[in-house]
Amino acid sequence: MTTTLVTNIATLVTNDPALGDGPLGLVEDAALVIEGDRVAWAGAAKDAPDADQRHDARGRACIPGFVDSHSHLVFAGDRTQEFNARMSGRAYSAGGIRTTVAATRAASDDELEANLTRYLDEALRQGTTTFETKSGYGLTVEDEARALRIAARHTDEVTYLGAHVVSPDYADDPAAYVALVTGEMLDACAPHARWVDVFCEKGAFDGDQARAVLTAGRAKGLLPRVHANQLSYGPGVQLAVELDAASADHCTHLTDADVDALAHSATVATLLPGAEFSTRAEWPDARRLIDAGATVALSTDCNPGSSFTSSMPFCIALAVRDMGMTPDEALWSATAGGAAALRRTDVGRLTPGSRADLALLDAPSHVHLAYRPGVPLVREVWRAGKRI
């Protein structure tokens with residue numbers, strides 16, 4: 001395989017303390033060797049081995065590609081009017097999802113896939129090289145299954161979210177809908193997904209319903225993750241930890257017991273600041289979680305209702321400004337933290353053997369992602385060893 005030496009890197013973030021300084025494994029005046037789709041070597045430029053070809057980073061910072069571990073990209077339509085009303089004073093609630101359900105059901109497969117690829121390309125240009133995405137806007141057996149089939153053509157990280165909200169078709173019989181989600185719908189969807197998820201929240205599914213969904217999914221070989229404690233205190237986090245879910249996502253309203261449970265488990269607290277930005281809600285307290293010892297990830301929650309952004313740099317800036325994170329912590333959470341939330345060790349870092357997913361910034365340091373919010377700093381993106 002051809003090897004490529006990426007050299008003249010001002011600062012390299014490896015996310016491996018054995019390779020450089022601090023938790024980010026920072027290396028100054030660095031280089032990186034790519035062989036095929038993998039990182040073969042990383043370290044100081046003066047120690048770099050020979051390679052078949054060279055690529056000049058021109059004094060830019062090099063970071064791992066972002067790992068966006070929570071998104072909702074198979075949908076149609078938008079909710080501009082709802083957003084406008086919310087910014088004019090109306091409170092956010094879980095029920096708005098039904099607007100997107102109607103538009104998604106009415107869309108063709110080609111329309112849904114075109115929309116998905118549009119937002120994937122948008123995210124890629126901003127440095128996202130690994131992403132997870134969910135169903136949840138169909139809420140029928142056929143529509144949930146087709147959403148997952150479409151998503152699976154673009155990522156291995158596909159999540160079955162039939163339990164997003166109770167389908168409007170079952171508004172008067174939530175128990176029957178849970179039976180559908182854990183029965184016929186699950187049977188149709190499980191072959192196309194890796195994960196099972198549930199929105200455990202007032203207005204969506206309570207703790208008992210969420211447990212039924214997750215345990216049924218797990219029996220079908222799907223791994224659990226949970227929308228937990230976004231709008232109110234509730235059982236979502238404790239349920240996620242009990243079931244060894246890979247992540248509890250949102251984590252806005254946490255008791256001390258919730259924080260302690262996350263800190264003493266393998267469940268990652270995935271924080272989604274785009275949702276708080278878009279709904280003017282209370283910010284998650286990342287500082288509290290990190291200081292307690294919990295593993296924290298950052299993700300976009302890209303969806304048309306409550307967080308219509310595909311920009312991980314934007315979420316990093318929000319986390320630093322409003323959630324108590326340092327720039328180093330925010331970058332780690334958007335890369336290695338996201339990988340942990342997907343239980344992946346091959347992405348989110350730039351170490352020998354990891355997938356060669358990286359971004360070069362028009363800046364000498366990753367700190368500029370928070371220091372210069374809104375500026376398109378990602379100059380180059382490489383995924384699986386290929387410059388995109």
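Which elements each supply at least two residues of the lining of the second largest cavity? In this predicted model, helix H3 (109-125) and strand S7 (128-134) each do so.

## Second largest cavity

With three residues, H3 provides the largest share of this lining, which surrounds about 50 Å³ of space.

## Largest cavity

The count of cavities of 30 Å³ or more comes to two, and the largest cavity has a volume of about 110 Å³. Its lining holds 13 residues, of which His 72, Tyr 92, His 164, Asn 303 and Ser 306 are the closest to its centre; the lining divides into four nonpolar, seven polar and two charged residues.

## Largest pocket

The largest pocket, with a volume of about 290 Å³, is lined by 16 residues, and Thr 129, Phe 131, His 154, Thr 155 and Arg 383 lie nearest its centre. H3 and S7 each supply at least two residues of this lining as well, with H3 giving the most, five residues. By class, the lining has four nonpolar, six polar and six charged residues.

## Second largest pocket

About 210 Å³ of space lies in the second largest pocket, whose lining residues include Pro 23, Leu 24, Ile 290, Asp 328, Glu 329 and Trp 332. Helix H13 (residues 327-341) contributes the largest share of this lining, four residues, while the lining by class comprises six nonpolar, two polar and two charged residues.

Conventions:
Residues numbered from 1 in each chain as written. Predicted model: local features only at pLDDT ≥ 70, side-chain atom pairs only at ≥ 80, totals over all residues. Heavy atoms only, no water. 1 Å grid on protein atoms, 1.4 Å probe; cavity = no way out; pocket = protein on both sides within 12 Å on 5 of 7 lines; lining within 4 Å. Points joined across faces, edges and corners; volume = space filled by probe spheres on them. Nonpolar A, V, L, I, M, F, W, Y, C, P; charged D, E, K, R; others polar.
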